[in-house]
Amino acid sequence: MQIKPILSALRRHKAGTFLIAMQIALTLAIVCNALFIIQQRLTHLSEPTGIDEPNIFIIQNEWVGKGTAEQVDAKMREDLAVLRALPGVQDVTPSNSYPLRGGGWDDSVKLKPDQLQDTTGSTIYFGDDHFIDTLGLQLIAGRNFRPEEITAMDVRDRLGPPVVIVTKALADKLFPDGDAVGKTIYLVGGPTTIVGVVKLLQAQSVDRWASAFAYRSVIVPRRLAISLGGWYIVRARPGQLDAAMRAAPKALFEHNPRRVINDEDGLLSFREVRSRAYERDRGMAILMGVICVVLLAITAAGIVGLTSFWVGQRRKQIGVRRALGATRQDILHYFMTENFLISCGGVLVGALLAIAINLWLVTRFEMHRLSLFYLLTGVVILLLLGQGAVLAPAMRASRVPPVEATRSV
Amino acid sequence: MFGYYLDLAFRSLARNRVLTSLMVLAIAVGIGASMTTLTVTHLLSGDPLPGRSQHIYYPQVDAIPKNTDDKEPVDKLDYQSAVDMWRAHRADRQALVVESQLKLSDPASGTPPVMSMMLSTTADFFPMFDVPFQYGGGWSAQEDESRARVAVITDDLNQKLFAGANSVGRTLRLRNTDVRIVGVLKPWRPSPQFYTVAGGRFSNGDTADFYGKPQDVITPFFTGLEINDGSFWQFTCWSLPERMGHLQNAPCVWLSLWVQIDSPAKVADYRRFVADYAAQQKAMGRFTHAGNTRMRSLMEWLDFNGVVPADVRLQTWLSFAFLAICLFNTVGLLLAKFLRRSGEIGVRRALGASRAAVFAQCMVESGVIGLVGGLFGLLLTLLGLWLIRQQPVAYADLARLDVPMFLLTFLASLVVSLLAGVLPAYRACRVAPAWQLKTL
């Protein structure tokens, strides 16, 4: 196929060529960046929490009436016994929060008592000796809490447990040389000793403000006994989640009706927790996806429209070429190549534009650099789109009969 | 002539339905996307107190010992600084503001208590922020000091508890204290909830929560601190408070002070007052530094906090790029359409139509496409706003089309289509009549 005649023909259609090329360029620039945003959001929302998600559900229990910390703690321990006795329940732990809850008690961790700047932030999880088993965490160093280490704590007490378990991410941050077990760290209420390290446990919030201390969590051996209430994290036996979720609140109310378990979010399976935590990210990813599809559709429609016009305009010339011996294939190839050349110009400009837009997004919206993969994906998509869009008008052109050449030239 | 061109435009548009609907669709989608995001941005970035905001200021002193003069002061005030500056009454109006969570119930009905947000503030809050009342009113400065057990409730809560009736004089139980309702607000939805905005610079653009609904119940400041003692959240502390949730004289910042100052001369005075106060506290040894006091106006403060969420800004930019692509698309299609009619245009020109007349005819046709596109674009905008109302964001209920945005939709689509029409119309009116007639 000769390219030169195509180029000289395009020179006579500067405006149309320029418009299609620009439309392809802009579409490429936006589609690559949108794909990149989608990928980032999807990566974010598929980050693991480190817990046995399919079998876990959360009960938010609010007490009716007031009570001292001792009374509340007694009621909590009764509840734990009731839940652990249920057939579908594997284990239960009381807590002040759970991963992906959206916020809660985050605190600073220091290596020295007189340090002015914190070493890092961290999520504070309260739990008893069943915490690790309930969440299905993997203990990779040290030991679990002993039952005698678990005590009740009022919200007004200082947070100063003698021992804690930390996540590997936190241990690595505090002690990059390894071997965190046995070391002393300083929480807000004083010194404490690390007795165990778990492999992975996500923070309470995965929003951007908490990204600085993602996966850095501290587990303290305390039951938070406050009269408002708290959470029970329950792990059902495999395959019995639904049954356990029905049985658990019923058993709790039978044991002690003076409580409120909110209809709206008092009882949540972890699947719901996850979908709530990432709702915004998913929304953004869907929006970007819709925008990509609509943009590509509009661009394709534009190419079809303009190429059809060109075919209509050049019927006589096509007829002449056919009369002089060009085959249908030749005509088809002519229009396909023409579109390919325009698309190439478009994607060249578009690639530069995409990088420029991405650099601007990096400064304005704290995004990451566009990886070359998305640029190339975008380029391939648009080249294929161009060829696909031009196919129908080009087929029509190839069916122009040679006799057209004889009509009213 | 205009009527004739309109007639021609409709005939021409009806002749090639696919191309016409493609152009209308492109404009409609572009307008729909950009007007949806523009409406949201407009609602979120507007002035929450039009006409008054330039008189409202947010004074800041920095109580945090480890901060220095070259840093921004911390976003909120400690108890002593806030109450000292409030008591000085140097501004025309001043209000302390803090919010907290508590259980609220209607003791008469005996329904279980619900977790609610309480705003505790001082008497000037209502006149200063022009808060509209349905029944009753605020409380007096006297009642601030006497820690009166009174409360103002929102229309939302009044609907929920009292079915919208005049509930002034009735009793509400806040945690364990009974308060008397003295006022019921009209529906009031400032956007953003400006009086609690703080800390936006730490949120990395996740600022949608600044657009929440106002707190259910509003009590006098000192009354609120007593009723809900032990449940106040610090913005931050520089060392551990004696008792969690009880922050009076604790090493914590947690309060906002808003002042209204009506004349520019007094603004300078008040700035000096704030600086002097910090210097005096430094001299007394309570502050470590006094050089970074600030006093931003309301809009400056919102701007400093970057209240419009990053996602919303990103979507707005994106939708305008989208509109640009739709524009290019329409230009291309119009070009094809007009030049295909070269023969017809040649005849008109040969019969005496001027270039201007041909240009005008083409522009009328573009305008018609724009208006029809705008109509569909309006429907798409309504659909887009409906979709945003289904989103789990605090500002979802705000996303509605107002009259200026409604008119802007049509204006924008008309402008876009005329813009799209200029180049094709120009090319069309340059058609050489003789050459066209020869090839007919």
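Select Ser417(B) to begin; this residue lies in helix α13 of chain B (helices are DSSP runs of H or I of at least four residues, numbered from the N terminus). The model is predicted: local features need pLDDT of at least 70 and side-chain atom pairs count only at pLDDT 80 or more, whereas totals for chains, interfaces and linings use all residues. Residues are numbered from 1 along each chain as its sequence is written, and chains are lettered from A and ligands numbered from 1 in the order in which they are written.

Ser417(B) counts as buried because it has 28 C-beta neighbours inside 10 Å (buried requires 20 or more other C-beta atoms within 10 Å, these atoms being placed from the backbone). Beyond four places in sequence, its contacts include Ile27(B), Thr330(B) and Gly370(B) (C-beta atoms, placed from the backbone, within 7 Å).

Next, display the contact between the chains, formed by 35 residues from chain B and 35 residues from chain A. On the chain B side, α2 (17–45), α10 (310–340) and α13 (403–429) each supply at least two residues, and α10(B) gives the most, with 17 residues.

Finally, select Leu28(A) and Cys32(A), which touch the most other members of the largest nonpolar core, a set of 93 residues (buried Ala, Val, Leu, Ile, Met, Phe, Trp, Tyr and Cys residues joined through C-beta atoms within 7 Å). The largest share of this core, 17 residues, comes from α2(A).

How values were computed. Contact = placed C-beta atoms within 7 Å. Buried ≥ 20, exposed ≤ 12 C-beta atoms within 10 Å, placed from the backbone.
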